[in-house]
Amino acid sequence: MVRIAVVEDEAVSRTLLRDYLTRYGEERALHIDATYFTDGAAIIGDYKPVYDIILMDIQMAHVDGMSAARAIREVDQEVILVFITSAPQFAINGYEVGALSYLLKPLPWFAFSQELDRCMRALAKRRRASLLLQSGATTHRVDVADIVYAESVKHRIDVHTLSGVYSVVSTLKAMEAELAGHNFFRSNSCYLVSLAHVRGVSDQECLMTGGDSLRISRPRRKAFMNALAEYAGGID
């Protein structure tokens, strides 16, 4: 699923974008969850970093797209941002807010679909590098490289990162699936360890970045050490 926010104050343009997103999803066999906002103020009022892509008009009556983008970037550096405008002279400032690109009105289907293809490629790269964590009422976008280990605590998972701990409702099995391909390995039934953050191994424990020592179960020790050696051998 791809979560897309559309920020557009013109009803005709919103309808066109809705039709285009429906068509794109059908042609690409892609589930798109789209949310529509009629002004920049509407999206930044209670913004949470839950969107993968934002398609935003620049010229809007109350809060313009550039101002809204600046506010969004204060809390979300990862969301892919594309401006849609009839005034390209305003779009050239998009680099200030890390916009991927801009589309010109009137918006033809081919240009839209090509740009969304580009967004999907960028999104695929980012999804390999970040994770959305729902901790209580707050959603956090966390770089996978910053995750030290995940710990199973009753019916929750504590995700230990370089900047803090996020407690989420999940299972270690589900977390392991989300982090597949990122060099994480179970040291025992309670811990999913980032091999990149293992600083040493002593008997039945591994020392992690930050100083925590995590138990390595005897049945898993050989496989854990093999995975660690394979990871270390693959580092350039």
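The second largest pocket has a volume of about 160 Å³. A pocket here is an open set of points on a 1 Å grid over the protein atoms alone, where a 1.4 Å probe fits, with protein on both sides within 12 Å along at least five of seven lines. Grid points are joined across faces, edges and corners, and the volume is the space filled by probe spheres set on them.

This is a predicted model, in which local features need pLDDT of at least 70 and side-chain atom pairs count only at pLDDT 80 or more, while totals for chains, interfaces and linings use all residues. Residues are numbered from 1 along each chain as its sequence is written, and side-chain values use heavy atoms, with hydrogens and water left out.

Which residues line the second largest pocket? They are Leu-132, Leu-133, Gln-134, Thr-139, Val-168, Val-169, Ser-170, Met-175 and Glu-178, where lining means having an atom within 4 Å of a point. Strand E6 (130-135) and helix H6 (172-178) each give two or more residues to that lining, and E6 gives the most, three. Helices (H or I, at least four residues) and strands (E, at least two) are DSSP runs numbered from the N terminus. By class, the lining has five nonpolar residues, three polar and one charged; Ala, Val, Leu, Ile, Met, Phe, Trp, Tyr, Cys and Pro count as nonpolar, Asp, Glu, Lys and Arg as charged, and the others, Gly among them, as polar.

Now the core. In the largest nonpolar core, of 22 residues, those touching the most other members are Ile-4, Leu-21, Ile-53, Leu-55 and Phe-112. Such a core is a set of buried Ala, Val, Leu, Ile, Met, Phe, Trp, Tyr and Cys residues joined through side-chain atoms within 4.5 Å, and buried means under 20% relative accessible area with a 1.4 Å probe, protein chains only. At least two residues of this core come from each of E1 (2-7), H1 (11-28), E3 (53-57), E4 (80-85) and H5 (109-127). H5 supplies the largest share, seven residues.

Beyond four places in sequence, Leu-55 has contacts (heavy atoms within 4.5 Å) with residues including Ile-4, Leu-21, Val-82 and Phe-112. Apart from this core lies another, of 18 residues, among them Ile-43 and Leu-81.

Last, confidence. Mean pLDDT, the predictor's confidence in each residue from 0 to 100, is 90 for the chain. Among the elements, helix H4 (residues 88-91) has the lowest mean, 70, and H1 the highest, 97.

How values were computed. Buried < 20%, exposed > 50% of the residue type's maximum accessible area, 1.4 Å probe, protein only.
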